[in-house]
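Please keep the sequence and the structure in view while reading.

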Amino acid sequence: MKKLFTYLLYAGILYVAACTGKAANQQAPPPPALPVVKLEIGSATTWQSYPATVEGTTNIDIRPQVSGYLEKIYVEDGSWVSQGQPLFRINQKEYTQYIKTAEANINLAKANVEKAQVEVDRLEPLVANKVIAEVQLKTAKAILHEAQAGYAQAVSGKTSADITLGYTVINAPVSGYVGHINFKQGSLIGRGEQLPLTVLTEVSNVHTYFSMSEAEFLRFSETIPGASMEDKINNLPPVELELADNTIYPEKGKVELVQGQFNRTSGNISFRALFTNKQKLLRSGISGRIRIPFQQNNKLLVPQQSTYELQDKIYVFALGDSNKVVSKQIKVVGKSGSNYIVDNGVTSGESIVFSGIQRLRDGAVIVPQPTSIDSALADHSPSKH
């Protein structure tokens, strides 16, 4: 038993010695080669955003011009219609009867004109030959003029009846989207209804309304060049519309109106921007955010990809002596594209590690691979992977 223990102890010593020698012969891993960029002063575009609502440039209440039963509804809620397309039809029986009555009145008036004309034609030669007094002819001509006026009135009545019958079919005054239809087929409707049949919204172009507080308006006035508010509006660059799903509407908009005074209740002043809507993507009532770009010069830019967060603070790894990295907290004052705008923590001309910072620690040694920010961003863009 003692010999066995001595043998095992000896074997263990040999194994430990072998492992120790093997570890000693292994070399430490080389420092990682990482891209390093030099920070520069540049121009930056920042965006100021404001909650916004979208409305069609034209919202038309569709109301009946005549009374009757709603006999036919040609469209549905939310459907797209073209200008002139039928929307509703009111029962026409009553108004068709008006047409028949007007036509009968025309025929009667025409007969009265012909009868009066015959009497005038009969009396004229008698008066010329002094067979009868002229006063009889004047009386006949007056009756003729009265008959002619009655005929004109009958024709006007027919025209009015035609127009009234035309009101029984309600057509779209513009192209656009149909809103909620407030009445069902068979409803009795008329000109005195409080609710319209529906609202038709023209959305080939849309207005987007947003507001600024007094403080925001003052900063806006100071930032945008121009001697007057009209000049400032004209000098504004095209704006963007951020939709509810955080995507950016593909068309740019133009701010074209500012309200003349502040709302006393909200303390805000309203603006309006115009967007084209060729694809009919935008509808009245949707919400989003207007984004106004502001150009800023002489700003220190740091790629967001080169930063990391720790306890709500933002850091970068700066390249120090002997290629050792040093973590530095930076003060971010804005964003511009894929860059942070920084005013403290790092300086222009300083080099930082662009990517691969996940496993770095203070004092770690790297093999720096200098590159430009543009090249680094291009190499690490999603399309490259």
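The expected span of a helix is 1.5 Å times one less than its number of residues. In this predicted model, helix α2 (residues 93-128) has 36 residues, and the distance from its first C-alpha to its last is 53 Å, close to the 52 Å expected at 1.5 Å a residue. The buried residues of α2 are Tyr95, Ile99, Ala102, Ile106, Ala109, Val113, Ala116, Val120, Leu123 and Val127, and what covers them includes α3 (134-166). After α2 comes Lys130, whose phi is positive, near 60°.

Confidence should be kept in mind when reading any of these details. The protein averages a pLDDT of 87, and 90% of the residues score at least 70. Among the elements of the protein, strand β5 (residues 86-90) has the highest mean pLDDT, at 97, whereas helix α1 (residues 2-25) has the lowest, at 50. Over residues 4-9 the pLDDT stays under 50, and for this stretch the model has zero contacts beyond four places in sequence.

The largest pocket is lined by Thr46, Trp47, Gln48, Tyr50, Glu216, Arg219, Phe220, Thr223, Phe294, Gln295 and Gln296. Two or more of these lining residues come from each of β2 (41-62), α4 (214-223) and β13 (287-303).

Ten residues line the second largest pocket, and Lys38, Glu40, Leu301, Ile373 and Asp374 are those that lie nearest its centre. Here the elements that give two or more residues to the lining are β2 and α6 (373-379), with α6 giving the most, three residues.

Not counting residues up to four places away in sequence, Asn339 touches Leu301, Val302, Pro303, Gln304 and Gly334. Asn339 itself is found in strand β17 (residues 339-344). Is Asn339 buried or exposed? Because its relative accessible area is 13%, and buried means under 20%, Asn339 counts as buried.

Methods. Residues numbered from 1 in each chain as written. Predicted model: local features only at pLDDT ≥ 70, side-chain atom pairs only at ≥ 80, totals over all residues. Heavy atoms only, no water. 1 Å grid on protein atoms, 1.4 Å probe; cavity = no way out; pocket = protein on both sides within 12 Å on 5 of 7 lines; lining within 4 Å. Helix = DSSP H or I, 4+ residues; strand = E, 2+ residues; numbered from the N terminus. Buried < 20%, exposed > 50% of the residue type's maximum accessible area, 1.4 Å probe, protein only. Contact = heavy atoms within 4.5 Å. pLDDT = per-residue confidence, 0-100.
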